[in-house]
Amino acid sequence: MAGMGEMPMRPARPGPPMQHRGPPPMARLRPEPIDREKTCPLLLRVFTRVAGHHQNEEFAVRGKEPKDEVQIYTWKDATLRELTDLVKEVALPARKRNARLSFAFVYPDKNGRFVVRQVGSTFAYGHGRGDDAKTLAELGFQIGDYLSVAIM
């Protein structure tokens, strides 16, 4: 700017270290453990399919869901490993040594259209690999959601 002399630089004020802007990172809270002896299990409708998840349109009409349904009584603290072992009991392709299972929640959005949202994957015989230890509750499962399991 014309006519202004150079202003001397002020030394930086000592202060708190730079903080991240925005909301603080969310701590991953582990839900309270469920007493399975005292808590009634929920009905989980599981739809299995080889080579990919069911399409959201396949759930559009109530009563006309895909035919490959398995009903499982479980709790919200069930892990993907527990669910993998249950699926292996009823779906032969899931028993293959190199099988990978991909899990997705199926639920209606705010407009009533079904959404298929992938939430994790496991290996048929890979205990401790993938998302084995994640629970339905940690993944955001709500009672009434369906579970789509793609077996690859």
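This is a predicted model: local features need pLDDT of at least 70, side-chain atom pairs count only at pLDDT 80 or more; totals for chains, interfaces and linings use all residues.
I started with burial: 34% of the chain's 152 residues are buried.

**Layout.** I went through the elements next and found one helix and five strands. Reading from the N terminus, I get β-β-α-β-β-β. I also looked up the surface: the accessible area of the chain is about 11000 Å², and carbon and sulfur atoms account for 56% of that. Then contacts: taking those between residues at least 6 apart in sequence, 67% join residues at least 24 apart.

**Strand 5.** How many residues of strand 5 are buried? I counted six of its six. I checked which way they point: Y146, S148 and A150 go one way, while L147, V149 and I151 go the other.

Next I looked for partners. Strand 1 (residues 42-50) runs parallel to strand 5, with five bridges joining them. Strand 3 (residues 100-108) pairs with strand 5 too, but in the antiparallel sense, over six bridges.

**L136.** I then moved to the loop between strand 4 (114-123) and strand 5 (146-151), where L136 sits. Buried or exposed? L136 has a relative accessible area of 0%, so I noted it as buried.

What is L136 in contact with, leaving aside neighbours within four places in sequence? My list reads L44, T74, W75, K76, A78, L83, F105 and F141. I also checked T79: it is 57 residues from L136 in sequence, yet the two C-alpha atoms are 6.4 Å apart in space.

Key:
Residues are numbered from 1 along each chain as its sequence is written. Side-chain values use heavy atoms; hydrogens and water are left out. Helices (H or I, at least four residues) and strands (E, at least two) are DSSP runs, numbered from the N terminus. Buried means under 20% relative accessible area, exposed over 50%, partly exposed in between (1.4 Å probe, protein chains only). Contact means heavy atoms within 4.5 Å. Accessible areas come from the Shrake-Rupley method with a 1.4 Å probe; for residues, only the protein chains shown count as cover. Two strands pair if DSSP finds at least two bridges between them.
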